[in-house]
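Here is a briefing on one protein chain.

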Amino acid sequence: MIEGSCLCGGVRYEYEGEIEEISICHCSQCRKAQGSAFAPVSPLDADRFRLLAGAELLKEYRASPGKARVFCGNCGSPIYSALDSVPGLKRLRLGTVDTDFVCDNVFHIFHASKASWLDCNDSHPRYDERKP
Ligand SMILES: [Zn+2]
Ligand SMILES: [Zn+2]
């Protein structure tokens with residue numbers, strides 16, 4: 001079981017499953033949405049994701065059509081994104097996870113858009129855009 005929450009604690013969730021993949025997205029939209037060099041994201045089965053608190057706080061922003069970026073409207077923590085075309089899947093922002101977990105399946109996507117100031121020398125696979 002994975003549990004997580006936003007910065008203010010108003011939004012809390014649990015996921016009845018494991019984190020099986022971590023894609024570290026360097027695209028310019030994710031960088032702005034997180035205020036960070038990248039966004040570590042994991043796909044979740046939407047049926048196994050449960051909001052425990054804060055449904056009324058969630059707001060969404062659409063930087064591209066068909067894709068909602070969902071965040072806490074009180075503190076601004078990004079929680080997940082979801083494509084209208086794939087309702088069974090959420091893409092969790094892993095910085096909000098409170099449970100310790102280990103996942104070896106880590107890779108970089110949109111590495112071609114990486115912030116110039118970020119030194120990124122780990123051994124994880126890199127893809128210029130999406131994972132092929
Ligand atoms: Zn919050
Ligand atoms: Zn991205």
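Buried residues make up 25% of the 132 residues in this protein. A residue is buried if 20 or more other C-beta atoms lie within 10 Å of its own, exposed if 12 or fewer, and partly exposed in between, with C-beta atoms placed from the backbone. The model is predicted: local features need pLDDT of at least 70, side-chain atom pairs count only at pLDDT 80 or more, and totals for chains, interfaces and linings use all residues. Residues are numbered from 1 along each chain as its sequence is written, while chains are lettered from A and ligands numbered from 1 in the order in which they are written.

**Overall build**

- The protein has one helix and ten strands. Helices (H or I, at least four residues) and strands (E, at least two) are DSSP runs, numbered from the N terminus.
- From the N terminus on, the order of elements is β-β-β-α-β-β-β-β-β-β-β.
- The radius of gyration is 14 Å, close to the 14 Å that the globule rule gives for 132 residues, so the protein is as compact as a globular protein of that length. The radius is taken over C-alpha atoms, and the rule is 2.2 Å times the number of residues to the power 0.38.
- Along the principal axes, the C-alpha atoms fill a box of roughly 40 × 30 × 30 Å.
- Of the contacts with a separation of 6 or more, 52% join residues 24 or more positions apart. Two residues are in contact if their C-beta atoms, placed from the backbone, lie within 7 Å.

**Three-stranded sheet**

- E1-E2-E5 is the strand order of an open, antiparallel sheet. Its edge strands are E1 (2-5) and E5 (49-53), each pairing on one side only. Two strands pair if DSSP finds at least two bridges between them.
- E1 and E2 pair over four bridges. In this pairing, Gly-4 stands opposite Tyr-13 in E2.
- The hairpin of E1 and E2 has six residues between the strands, and Gly-9 takes a positive phi near 85° there.
- E2 and E5 are also joined by four bridges. Here Arg-12 stands opposite Ala-53 in E5.

**Seven-stranded sheet**

- A second open sheet runs E6-E7-E8-E9-E4-E3-E10, with mixed pairing. E6 (58-64) and E10 (106-109) are its edge strands.
- E3 and E4 run antiparallel and share three bridges. Ser-23 stands opposite Val-41 in E4.

**Nonpolar core**

- The largest nonpolar core holds 19 residues, and Val-11, Cys-25, Phe-38, Ala-39, Cys-72 and Ile-79 touch the most other members. Strands E2 (12-15), E3 (22-25), E4 (39-45), E7 (67-72) and E8 (78-83) each supply at least two core residues. E4 gives the most, with three.
- Such a core is a set of buried Ala, Val, Leu, Ile, Met, Phe, Trp, Tyr and Cys residues joined through C-beta atoms within 7 Å.
- Beyond neighbours within four places in sequence, Ile-79 is in contact with Cys-6, Val-11, Leu-58, Val-70, Phe-71, Cys-72, Arg-93 and Thr-96.

**Phe-107**

- Phe-107 lies in strand E10. It counts as partly exposed because it has 14 C-beta neighbours inside 10 Å.
- Leaving aside neighbours within four places in sequence, Phe-107 is in contact with Ser-23, His-124, Pro-125, Tyr-127 and Lys-131.
- Val-97 is ten residues from Phe-107 along the chain, and their C-alpha atoms are separated by 18 Å.
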